[in-house]
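Open the model in your viewer and keep the sequence panel beside it. The tour goes from the overall fold to the ligand and then to the core.

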Amino acid sequence: MPYRTKRTFLVTGAAGGIGGACVDHLLHDGVNVCAADLRPLDHTDAHEDALDNLLLEQVDVSKEASCLAVVEATIKRFGRLDGLIHMAGVHCTEPWEEMTAESFDRILSINVAGTFLIARAAALGMATTGGGSIVLASSGSTNMSRQDGIGNSSPAFVASKSAIIGLVGALARSFAPLHVRVNAVSPGATDTAMSAHFDEDTMHQLSERTLVGRIGAASEIARVASFLVSNESSYVDGQVLAVNGGDIHGS
Ligand SMILES: NC(=O)c1ccc[n+]([C@@H]2O[C@H](COP(=O)([O-])OP(=O)(O)OC[C@H]3O[C@@H](n4cnc5c(N)ncnc54)[C@H](O)[C@@H]3O)[C@@H](O)[C@H]2O)c1
């Protein structure tokens, strides 16, 4: 199929664990993908058969102009935009006693304002080609930290990921006239760079909390995000789906 008639998706946080797994999953499905991240991206061997379908871009989601530019670049290259999987984000373990207003603002600026800016840019882009679907990232820590703090997420991170739950509803309502759906995944602890700082004891506790007895793989979150961004989920809108191995506290 010529690449300009194929469905096209933008993935942010593509240099990271879950975003990278989303890119792999989508390319394997044969669609066009713009993989974007603050960190410069490079093709991997796994993408060699799909280079015609892959665009690599740098984006800073906390900057409006950068968000508009990455959407424009995607539509210029592939002629359309059908979906956004927004996995770019920053974690923060700064203890509440030490947290400054500046560091709190930084987390909110990337994780919350950045989510709004890239979602709005993508929705406006998708509206030009008939609509589409957006998948955001919340976090099981919105429940976990409230209960026992396992995972060591700072109040700023928890606040930022709780805000995503509100944004999903607000944006789903706002973008409905554009025929753009908005949902989120809420991953439990997942094996990526973001969870690499957890010590063995924390990892053990996080695994024990789940019904499946282990933390998640990035590909397991990516499969659900890919479902939500696709037409397979056409009657799902405004929802936050926990993907956490049955974490009995985080569900
Ligand atoms: N890994 C987990 O245990 C876990 C659990 C719950 C929620 N999440 C959420 O899932 C999403 C993906 O997590 P991950 O584990 O793949 O993280 P990761 O750290 O592996 O990847 C995050 C990516 O975001 C990029 N990024 C940071 N700031 C950016 C900016 N301003 N503009 C563009 N890109 C930027 C980073 O460069 C990085 O490549 C995040 O939103 C995270 O909060 C992860």
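Helices here are DSSP runs of H or I with at least four residues, numbered from the N terminus. The model is predicted.

Start with the whole chain in cartoon view. The protein has seven helices and nine strands. Its radius of gyration is 17 Å, close to the 18 Å that the globule rule gives for 251 residues, so the protein is as compact as a globular protein of that length. The C-alpha trace spans about 50 × 35 × 35 Å along its principal axes. Of the contacts with a separation of 6 or more, 72% are between residues 24 or more positions apart.

Next, select the ligand and its surroundings. Which residues are closest to the ligand? They are Gly16, Ala88, Gly89, Thr192 and Met194, out of 31 residues that surround it. Colour that shell by residue type: 14 are nonpolar, 14 polar and three charged.

Now select helix H1 (17-28) and helix H3 (101-127); each supplies at least two residues of the shell. H1 gives the most, with three residues.

Of the 251 residues, 48% count as buried. In soluble globular proteins, nonpolar side chains tend to be buried together. The largest nonpolar core here has 55 residues. Select Leu10, Val11, Cys22, Ala122 and Ala225, which have the most contacts inside that core.

Finish on Cys22. Leaving aside its neighbours within four places in sequence, Cys22 is in contact with Val11, Ile85, Met87, Ala222, Ala225 and Ser226.

Methods. Residues numbered from 1 in each chain as written. Predicted model: local features only at pLDDT ≥ 70, side-chain atom pairs only at ≥ 80, totals over all residues. Near = placed C-beta within 6 Å. Nonpolar A, V, L, I, M, F, W, Y, C, P; charged D, E, K, R; others polar. Rg over C-alpha atoms; globule rule 2.2 N^0.38 Å. Buried ≥ 20, exposed ≤ 12 C-beta atoms within 10 Å, placed from the backbone. Contact = placed C-beta atoms within 7 Å. Core = buried A, V, L, I, M, F, W, Y, C linked by C-beta atoms within 7 Å.
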